[in-house]
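Below is a short briefing on one protein structure, written for a reader who works with coordinates. Please look over the sequence and the structure first.

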Amino acid sequence: MLKSLARRGRVVLIQLREGITFTWNELKNNKFRTFLSLLGVSIGIFTIVAIFTAIDALRSNVKKGFESLASNQVQVSKWPMMPEDENGNPITGNDGPGRGMVEYRWWDYMKRPDITINEYKYLKANSHLADDFFFSYSAGNKTIKYNRNSSGGVTIVCGTSAMDKVLKVSIDKGRMITKNEFDAGSFVCILGNDLASSLFQGENPIGKTVKINGYPLTVVGVTQKQGGSMIDIFETDKTAFTTYLAGQSLFSFREPDGELDALPKEGVSQEDFTAELIQLMRQYRRIRPGQKNNFSINQFSTLEGMIDQILGVIRTVGWIIAAFSLLIGGFGIANIMFVSVKERTKIIGIQKALGAKRYFIMTQFLAEALILAVAGALVGVLIVALILWIAPIPAEYDVHLTLGNILSGVAIASAIGILSGLLPAWSAARLNPVDAINSK
């Protein structure tokens, strides 16, 4: 019994090997036909793999842009991140037909009062659900000097304590500004990694003095390098950080328009935390019941969700475009396989007359269709890899061809090849050997 099964299995393997060898020879002997079959599949797989790679790069890059902020951070701001409805809720693509295209009414938001340090103090004193608050304001396009070296176009962030928790500023050299230094308004600063390299050019910056608007500040720390992102919500590499009170002196601000960021305590839901912030802000601003909020509560998780929706739409559009190419490629493979069946009808008849089983005939044609499809997929993947190799992509952008995307492309092409070759293979397997041999 076992010997019989082993013998039968060996015969099947030999037949499969012979079928695949025969298929390979047929493909080599009909190069132009093989090229036409590959073309449609290659274009389809190229489109799919290229879009998957681009979306992965976009998602990775966007995620990097959010890495400088705490994941559960909530921002109290004059300006909403997205258009708001009449109740002050952000409008996204999930809010109903057409709601995602609502105009951003900046002229209405501009009339709102600025967020102030006093509101920061009030929320900090009265919130029961907050872990900490951070108030800051930014001065852009400033110049920092160190001896004869200077760096322009720098953003200066002046803030209160909890900067490291809210902005997730990680220190590479030196230390973080202490709470006492924040409270006292000490003239100390932390430099972004690129900024420190530009100013000090290999010299240790810790303890050195830099000047902003003529005021001396002692460098106490340098941030870890973050790298670039398409969404630079907070680009630490080219930023300098100092205390809120020192910033008032540097830029002669009496009551600057700032940003107020908050972190909830562990276990507190975003909904409860947001509701408390709204209640406290309405109390402080004495907004009567029924009146609209003249401030916004921004959640970065909402923005991330919206970006995921956009990337999902791009992926869907990519699938639709690729589907047409794959459909054309599939029809091309099927058509050429039918031609191949017609050309090899006599050979099929001889094979069947010599005892070849249906599965053997089907294996030949399915293998041919599969090899065509997989070869087309590999060509498409190779084109993507070539473009990524040649294209001048900045080093900080993480764009690379992943094994997962390659396997996805090959698997999709394999399915297309098998489906396209199934009907021609079945028609070949059902041929009558006598009729096949006598065919013209």
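This is a predicted model: local features need pLDDT of at least 70, side-chain atom pairs count only at pLDDT 80 or more; totals for chains, interfaces and linings use all residues.

Residues are numbered from 1 along each chain as its sequence is written, and side-chain values use heavy atoms, with hydrogens and water left out.

**Overall composition**

- The protein has 14 helices and 10 strands; these are DSSP runs numbered from the N terminus, with helices being H or I of at least four residues and strands being E of at least two.
- Of its 440 residues, 43% count as buried, where buried means under 20% relative accessible area, exposed over 50%, and partly exposed in between (1.4 Å probe, protein chains only).
- The accessible surface comes to about 23200 Å², and 59% of that belongs to carbon and sulfur atoms; areas come from the Shrake-Rupley method with a 1.4 Å probe, and for residues only the protein chains shown count as cover.
- Among contacts (heavy atoms within 4.5 Å) between residues at least 6 apart in sequence, 77% join residues at least 24 apart.

**Helix 7**

- Helix 7 spans residues 193-200, and its buried residues are Asn193, Leu195, Ala196, Leu199 and Phe200.
- These buried residues line one face of helix 7, because they fall within an arc of 160 degrees when seen down the axis; the arc is that of the directions from the helix axis to the C-beta atoms.

**Helix 11**

- In helix 11 (residues 345-353), Thr345, Ile348, Gly349, Gln351 and Lys352 are buried.
- They cover an arc of only 165 degrees around the axis, so they sit on the same side of helix 11.
- Glycine 355 follows helix 11 and has a positive phi, near 105 degrees.

**Surface patch**

- Phe32, Phe35, Leu39 and Ile43 make up a nonpolar surface patch with about 420 Å² of accessible area together.
- Patches are made of residues with over 30% relative accessible area and no salt bridge; like charges are joined within 9 Å and nonpolar side chains (Val, Leu, Ile, Met, Phe, Trp, Tyr) within 5 Å.
- A salt bridge is a side-chain nitrogen of Lys or Arg within 4 Å of a carboxyl oxygen of Asp or Glu.
- Leucine 39 belongs to helix 2 (residues 31-66) and counts as partly exposed, at 40% relative accessibility.

**Cysteines**

- The whole structure contains 0 disulfides, a disulfide being a pair of cysteine sulfur atoms within 2.5 Å.
- Cysteine 158 is buried at a relative accessible area of 0%, and cysteine 189 is buried at 1%.
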